[in-house]
Amino acid sequence: MRIDIEGGVIDSVEIGVKPSGTVLSGMVVPGFANTHSHAFHRALRGRTHDDRGSFWTWRERMYAVAGKLEPDSYYRLARAVYAEMVGAGYTSVAEFHYLHHPGRGRRYADPNEFSHALVAAAEEVGIRLTLLDVCYVAGGFGKPTEVVQERFDDGDAEAWAQRFESFRPTGDLVRTGAAIHSVRAVPAEQLPIVVRAAADRPLHVHLSEQPRENEECLAYYGCTPTGLLSAAEALTPQTVAVHATHLTPEDIAALRGCWAALCPSTEADLADGIGPGRALADAGVRLCLGSDGHSIVDPWFEARALELHERLASGRRGRFDVAELHTAATAHEASGWPEVGALAVGAAADLVHVDTASPRTAGSDGPGILYAATASDITDVMIAGRWVVRDRVHRTVPDVAEALDREIGALWH
């Protein structure tokens, strides 16, 4: 195959012609989409397994990290995390960003200081960024935020919307969207404010990740979280329901036309449960994938885990075919990048080269490489027509492991 690129866009695709220019031997696939990320959670990898605990005890350790970050340290950490993503084959990331303020009622001179830090990190790394500004103004159903949660809290949704609208990033590789952290964190009467502020941009929301969330929502509002979002007219074609793990049949039907961002590695790590991926897809919900807490940064794992988790839940194989898994893994549209994710004329030139002769991939048959390859098999990555990774080395962060070790170590010590 020969692919010609002009101005960051695929100009032509030809089969059976003699290649010229940069020649890659192996397999080239479209860049993967990471549709749900909390960059700072990467600092928790390998540090939350010394007790059995639960999602809720894990959350306390996450809060401990959130309490230590400042814009400059978050910039350095995010830079390393985004470089790890690119090296794994991700060419876009939707950052679910709720760390906004110094805490204790204080504000930075620029209330979007953390947002600027994340944009700067992504621009230096060369990854496409959708910065999803999260509204987080309650500490639970009918409860105020407290302690570290105050760093997330703008006061109310109106104040959040004003800050959100004031942020105007520039650059070809950055776009913005909005997010409702969860129905725990935004009172029902304030949900429409977030929906209006999102307008025609992506609107993401954590949905029914834990049974306890459903139980508390039913007790407080008399409906499921999905029902609450539906009443607020928050379920649109731009809406991405993140996790969507514990849904009723009525919830699944209500999500028709929306997206569902499943995060198999995180859902397994936190013992969230196995989401109803096949049922969602059959109901007309579009699927996408994310690495969320970054216990693993590997788009190949997330894609095949979508199928493997379905096998465990159903006792059957072949719940998704390879084409469906690939579509979910490259669903950049869910993050506001509809032009990315295909090797086709007019598509953005985001390309990932895979080593087909590694100890993991050797012997794989064509599309079956999806069940064999790992992030370690990515050798070259192009984003918007520019090589960002060559021969497994990132152009601006040549030693990703050293950068991660340094920044994570500084947070814990």
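Val28 sits in strand E3 (residues 27–30); strands here are DSSP E runs of at least two residues and helices are H or I runs of at least four, both numbered from the N terminus. Sequence neighbours within four places aside, Val28 is in contact with Leu343, Leu351, Val352 and His353, contact meaning heavy atoms within 4.5 Å. Thr356 is 328 residues away from Val28 in sequence, yet the C-alpha atoms of the two are 9.9 Å apart.

A word on the model itself: it is predicted, with local features needing pLDDT of at least 70 and side-chain atom pairs counting only at pLDDT 80 or more, while totals for chains, interfaces and linings use all residues. Residues are numbered from 1 along each chain as its sequence is written, and side-chain values use heavy atoms, with hydrogens and water left out.

Turning to helix H5 (residues 191–198), six of its eight residues are buried, so H5 is largely enclosed by the rest of the structure. Those six are Leu191, Ile193, Val194, Val195, Ala197 and Ala198. They pack against E6, H4, strand E7 (174–180), strand E8 (203–207) and helix H7 (225–231).

Asn214 belongs to helix H6 (residues 211–221) and is buried at 14% relative accessible area. Its side chain makes a polar contact with the side chain of Ser208 at 2.8 Å, and it also reaches the backbone oxygen of His246 at 2.7 Å. A polar contact is a pair of N or O atoms within 3.5 Å; within protein, one must be able to donate a hydrogen and the other to accept it, and residues adjacent in sequence count only if both atoms are side-chain atoms. Beyond four places in sequence, Asn214 is in contact with Ser208, Pro225 and His246.

As for the rings, the structure holds 15 aromatic pairs, in which rings of Phe, Tyr and Trp (its six-membered ring) have centres within 6.5 Å, with planes under 30 degrees apart called stacked, over 60 edge-to-face and the rest tilted. Tyr63 and Phe152 make a tilted pair, with centres 6.1 Å apart and planes at 50 degrees. This pair links distant parts of the chain, 89 residues apart: Tyr63 is in helix H1 (residues 55–66), and Phe152 is in the loop between strand E6 (128–135) and helix H4 (157–166). Tyr63 is buried at 10% relative accessibility, and Phe152 is buried at 0%. Tyr220 and Tyr221, by contrast, pair edge-to-face, 4.9 Å centre to centre with 85 degrees between the planes. Tyr220 is partly exposed at 46%, and Tyr221 is partly exposed at 27%. One aromatic cluster is formed by Phe40, Tyr63, Tyr74, Tyr98, Tyr108, Phe114, Tyr136 and Phe152.

The charged end of Arg212 sits over the ring of Trp56, 3.9 Å from its centre, and that of Arg390 sits over the ring of Trp387 at 4.5 Å from the centre. The criterion is NZ of Lys or CZ of Arg within 6 Å of the ring centre and within 35 degrees of the ring normal.

Technical notes
Buried means under 20% relative accessible area, exposed over 50%, partly exposed in between (1.4 Å probe, protein chains only).
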